[in-house]
Amino acid sequence: HMSALRVEPGKTLNNRFGAFRHNDMVGRRYGAQLLSLDGRKYVYLLRPTPELWTASLSHRTQILYIADISMICLQLELGPGAVVVEAGTGSGSLSHALARAVGPTARLHTYEF
């Protein structure tokens with residue numbers, strides 16, 4: 001199970017794998033394995049990607065999943081330098097993937113009412 005976590009000094013994450021101090025996460029490399037306080041279980045510290053963000057979002061509304069997002073990017077023939085206008089930002093799951101697909105030299109305009 002994946003979940004997003006805001007790391008805050010002095011706090012502790014408690015889950016089914018044990019207790020993990022936020023302070024122990026700071027400065028660690030992405031992909032590092034962090035042992036629980038009892039040393040018996042572990043979690044991995046992962047770099048946030050559009051795919052992980054989509055998988056860890058709470059689903060209050062219908063979101064697009066990775067397979068749908070991939071097809072949308074393919075059908076739109078998105079690439080570096082493209083200009084994209086999105087109607088309905090929603091969770092930002094699609095927006096995040098679109099921005100990565102078009103790269104830093106492109107423009108993504110997203111509107112939420």
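The C-alpha centres of domain 1 and domain 2 lie 30 Å apart. Domain 1 covers 12-45 and domain 2 covers 50-110, with bounds from an automatic or database domain assignment. This is a predicted model, where local features need pLDDT of at least 70, side-chain atom pairs count only at pLDDT 80 or more, and totals for chains, interfaces and linings use all residues. Residues are numbered from 1 along each chain as its sequence is written, and side-chain values use heavy atoms, leaving out hydrogens and water.

**The largest pocket**

- Its volume is about 820 Å³ (the space filled by probe spheres set on grid points, which are joined across faces, edges and corners).
- A pocket here is an open set of points on a 1 Å grid over the protein atoms alone, where a 1.4 Å probe fits, with protein on both sides within 12 Å along at least five of seven lines; lining residues have an atom within 4 Å of a point.
- The largest pocket has 25 lining residues, with Ser 3, Leu 5, Tyr 44, Leu 45 and Leu 46 nearest its centre.
- Strand 1 (12-15), strand 4 (42-44) and helix 1 each give two or more residues to this lining.
- Both domain 1 and domain 2 contribute lining residues, so the largest pocket lies between them.

**Helix 3**

- Helix 3 spans residues 93-102 (helices are DSSP runs of H or I, at least four residues; strands are runs of E, at least two).
- Ser 93, Leu 94, Ser 95, Ala 97, Leu 98 and Val 102 of helix 3 are buried (under 20% relative accessible area, 1.4 Å probe, protein chains only).
- Among the elements covering these buried residues are helix 2 (66-75) and strand 5 (83-87).

Methods:
Buried < 20%, exposed > 50% of the residue type's maximum accessible area, 1.4 Å probe, protein only. Contact = heavy atoms within 4.5 Å.
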